[in-house]
Amino acid sequence: MAYTPKIGTLGYILSPDKKEVLMIHRNAREDDDHLGKYNGLGGKMESDEDIACCMTREIYEESGLECTQLQLRGTLNWTGFGPKKEFWLGFIFLITQFKGTSHTSNNEGDLEWIKLNKLNDLPMWEGDRLFLPLVFDNNPLPFHGYMSYDNDKLLDWKYTRI
């Protein structure tokens, strides 16, 4: 059987001093599968774009920021994710340079600059706590991970770096 996940991006924007990251607090829509959680910015890839264009478009749409330097930090395969038990293939980016001033909110929630050392204090998906250290570490190799969920319960996590 062919595997046909949704393809998307997830980006983490570092502040110019590299001490904070822009996160979205998903608190705007009651029907949001991520309601109440903090997350990076991103979304689904469109058929007429490559993955880097998808990331830069999503960052601009959600924050008003123009990416001028981004780095692919890894890929993640999520299975059984969320209330709809969806399958996703995500490309995880670190945005280290940008132009503009961020919006304070969008239609999904409030945008907040969070100190890197306070990320674990936020309500977020259980699996995010496992892969976020790989996004921000100094290892130049991208990670390639697999996360199995049953709705909101993390069942399995593994990754490689090669």
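Predicted model: local features only at pLDDT ≥ 70, side-chain atom pairs only at ≥ 80, totals over all residues.
If you set aside residues up to four places away in sequence, Ser-15 touches Glu-20 and Trp-113.

Stay in that loop for a second, between strand 1 and strand 2, and you'll find Lys-18. Lys-18 isn't a glycine, yet its phi is positive, about 65°. Its relative accessibility is 38%, so Lys-18 counts as partly exposed.

There's another lysine to show you. Lys-85 is in the loop between strand 4 and strand 5. Again we have a residue that is not a glycine but has a positive phi, here about 50°. Lys-85 counts as partly exposed because its relative accessibility is 43%, which falls between the 20% and 50% limits.

Let me zoom out. The UniProt entry, which is unreviewed, carries the annotation "domain: Nudix hydrolase" over residues 4–137.

Now the pocket. The largest pocket has a volume of about 660 Å³, and 30 residues line it. Which residues lie nearest its centre? Those are Arg-26, His-34, Gly-42, Gly-43 and Trp-88. As for elements, the ones giving two or more residues to the lining are strand 1 (6–14), helix 1 (51–63), strand 4 (66–81), strand 5 (86–99) and helix 2 (128–136). Strand 1 gives the most to that lining, with four residues. And what is the lining like by class? For the largest pocket we get 13 charged, nine polar and eight nonpolar residues.

You'll find Glu-49 in the loop between strand 3 (38–39) and helix 1. With a relative accessible area of 15%, Glu-49 is under the 20% limit and therefore buried. What does the side chain of Glu-49 pair with? It makes a polar contact with the side chain of Arg-57, at 2.7 Å. A polar atom of the Glu-49 side chain also lies 2.9 Å from the backbone nitrogen of Glu-46. Leaving out neighbours within four places in sequence, the residues in contact with Glu-49 are Lys-44, Cys-54 and Arg-57.

Last one: Asn-106, in strand 6, which covers residues 105–106. Asn-106 has 17% relative accessibility, so it counts as buried too, given the under 20% cut-off. Which backbone atoms lie by its side chain? For one, the backbone oxygen of Glu-62 is 2.9 Å from a polar atom of the Asn-106 side chain. For another, the backbone nitrogen of Glu-108 is 2.7 Å from a polar atom of that Asn-106 side chain. Not counting residues up to four places away in sequence, Asn-106 touches Ile-24, Ala-28, Glu-62 and Leu-111.

Key. Residues numbered from 1 in each chain as written. Heavy atoms only, no water. UniProt positions renumbered as here; feature names shortened; annotations may be inferred. 1 Å grid on protein atoms, 1.4 Å probe; cavity = no way out; pocket = protein on both sides within 12 Å on 5 of 7 lines; lining within 4 Å. Points joined across faces, edges and corners; volume = space filled by probe spheres on them. Nonpolar A, V, L, I, M, F, W, Y, C, P; charged D, E, K, R; others polar. Buried < 20%, exposed > 50% of the residue type's maximum accessible area, 1.4 Å probe, protein only. Polar contact = N/O pair within 3.5 Å; in protein donor to acceptor, adjacent residues only side chain to side chain. Contact = heavy atoms within 4.5 Å.
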